[in-house]
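Hi everyone, thanks for making time this morning. Let me put the structure up, and then we'll walk through it together.

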Amino acid sequence: MVPITPIHYLILAAALFTLGTIGVLTRRNVVIVLMSIELILNAVNLNLVAFSRMWGLQGQVFAIFVITDAAAEAAVGLGILIAFFRNKETVNVDEVDLLKW
Amino acid sequence: MSGLPQTADYVRILPELVLSIFGIVVMLLEPLFDERRSQRTLGSIALIGSLVAIMASVFQAQNPGFAFWNMVRVDGFSVFFHVLVTTIAAVVILTSYEYMSVQRIRAGEYYGLILFGTVGMCLMSSAVELVLIFIALEISSISTYILAGFRRREAASSEASLKYFLLGSFATAFFLYGVALMFGATGSTNIDKISPALEQSTVPPLAYLAVALMFVGLGFKVASAPFHIWTPDVYEGAPAPIVGFMSTAPKAAAFAVLLRILFEANAPGRFWLIWFSAVLSMCLGNLGALVQTNVKRLLAYSSIAHAGYLLVAFAAAPEVGVSAAMFYTAAYAAMNVGAFAVISHFANAGEKYVTLDDYAGLGRRSPVLAATLTIFLLSLIGIPATGGFFAKFYVFSAALKADLVGLTIIGVINSAVAAYYYLRIIVVMYMRESREEIPVRGIPLGLGTALVVSLAATIYLGVLPGRVLDYALASANQLMQTPASAAAATVNPGR
């Protein structure tokens, strides 16, 4: 039985971060892109909590702030998405193409 | 460490408090007023708020030091950016009066959001705790996401907002990941405690990754290449006064954060990061601007290039580089806010007239405004007797002092290339006949005041740069002293 060390948490967080990044870059639905960003933020939280075991509680406090911010961001993001949907009737990133070059 | 905050603590966040209170007042009064007539009143309240905040920032300068358990640090550096950001907010509010009524946007929260965004930007410049920096960054970003989409019946504006939001929160996530790794590498999120940890002979390898990731996040906010893709699209779609706002104020604040993280915290491995980003921003920004026909888009590319020039100062030695960068943000703010004030006046309902062709014959139709815009454009080129000249001069001489000959040559060539597209606007304004009859309106009081302020600032910085530069130098020295004082602080068991 291998003991679980901070390194394991870091690897898990890095994997989540990568998954989130891939999601943002490849998914076409804006809502799923938003969810992928949340995934990255959760990777951050995992990191912070894991480091908290080494350095003290401030990491956990930070994680709570990150969660709060994620909620605020999601609220504003969905509002912006609704405003966009009213104009273009789509939530597809490929069709966000009015402005280019 | 414990106990309630003292009065001094509140004095050290006084501008933020003032701005928040006025922002809340605007939001509370908004539903009580008649929609059509309230805009000017609400705008005036916001204007008073930002003016009081300027005074509060100046007042704050007499009371330097730390507040709220070393989360906020008031020093010459933070006061400089406080005054700069709040002044930009005031000028943008003045510009917005006319714009809002012409575009028929009736929403008091517009002014409220400008104030709230300014709170975030002010906090960014005085925060020395990564948690607070992150929160301030988010306050400023979320406000600007919404402001970018304020012409919400226009598809272009909501698209700009959506793009800005998606890429912005993506970049913030990178920044946060960097912060988390920095916490892991050094055991603290306080810049003054991070810097001694990074000064040891063996820097934890995690710290390099952390600095790189934080640079991605902040590089996005300042629109430096290769994180600049959003800039032209967002600047084209967002309301013109807001573009003037977000191309200067959040940028200045993000540069302040970058200065604090890179120099005060003594980030490792920063040099090549900055070098590449500076070169890429200058080249891509200027090359992109050459082919633009939309004036807002053109200035977006120009703002990328200016972020590049600014980063040149970052690559230089900290003693001269920091003050050069501070001077540059001020000069750039003066001329860019002014240029966008003129653009927002010409844009007309629905922002119809924003292409280069629409500017043809402007010299005849509206001589005063054309002359004003010309001065701002000359300043953006860097012609002597304007703020832009000394800004570039100090940046490049700082780079030369650090023996960055290659970077300086690339920068100077780029500013020569840049002259082409700025001059093209001037040529079109004066040498070409307008093809269609575009209605001309008089200059209203608010816009006139905004233009006079930014014109005065541009010329003042170009003719008498001494005082501002001296101030920047003094506060940069203060900033650089930190590692020593922080090391002294760790002798006493402060944790």
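Before I point at any helix, one definition: the expected span of a helix is 1.5 Å times one less than its number of residues. What you see is a predicted model, so keep in mind that the predictor gives the complex an ipTM of 0.95 and a pTM of 0.93.

Let's begin with helix H6 of chain B, residues 130-148. With 19 residues, H6(B) runs 26 Å from first C-alpha to last, close to the expected 27 Å. Is H6(B) mostly covered or mostly open? Mostly covered: 16 of the 19 residues are buried.

Now the core. The largest nonpolar core holds 220 residues, and those with the most contacts inside it include B:Ile114, B:Met124 and B:Phe327. Helix H15 of chain B, residues 318-347, gives the largest share of this core, 21 residues. Take B:Phe327 as an example: beyond four places in sequence, its contacts include B:Phe390, B:Tyr394 and B:Leu469.

On to where the chains meet. Chain A and chain B each put 32 residues into the contact. On chain A's side, helices H1 (6-26), H2 (30-55) and H3 (58-88) each supply at least two residues, and the largest share, 16 residues, comes from H3(A). By class, that side of chain A has 23 nonpolar, 5 polar and 4 charged residues.

Last, confidence. Chain B has a mean pLDDT of 90, with 97% of its residues at 70 or more. Where does pLDDT stay under 50 in chain B? Over residues 483-495, for which the model has 11 contacts beyond four places in sequence.

Thanks, happy to chat!

Definitions and conventions. Residues numbered from 1 in each chain as written. Chains lettered and ligands numbered in written order. Predicted model: local features only at pLDDT ≥ 70, side-chain atom pairs only at ≥ 80, totals over all residues. Helix = DSSP H or I, 4+ residues; strand = E, 2+ residues; numbered from the N terminus. Buried ≥ 20, exposed ≤ 12 C-beta atoms within 10 Å, placed from the backbone. Contact = placed C-beta atoms within 7 Å. Nonpolar A, V, L, I, M, F, W, Y, C, P; charged D, E, K, R; others polar. Core = buried A, V, L, I, M, F, W, Y, C linked by C-beta atoms within 7 Å. pLDDT = per-residue confidence, 0-100.
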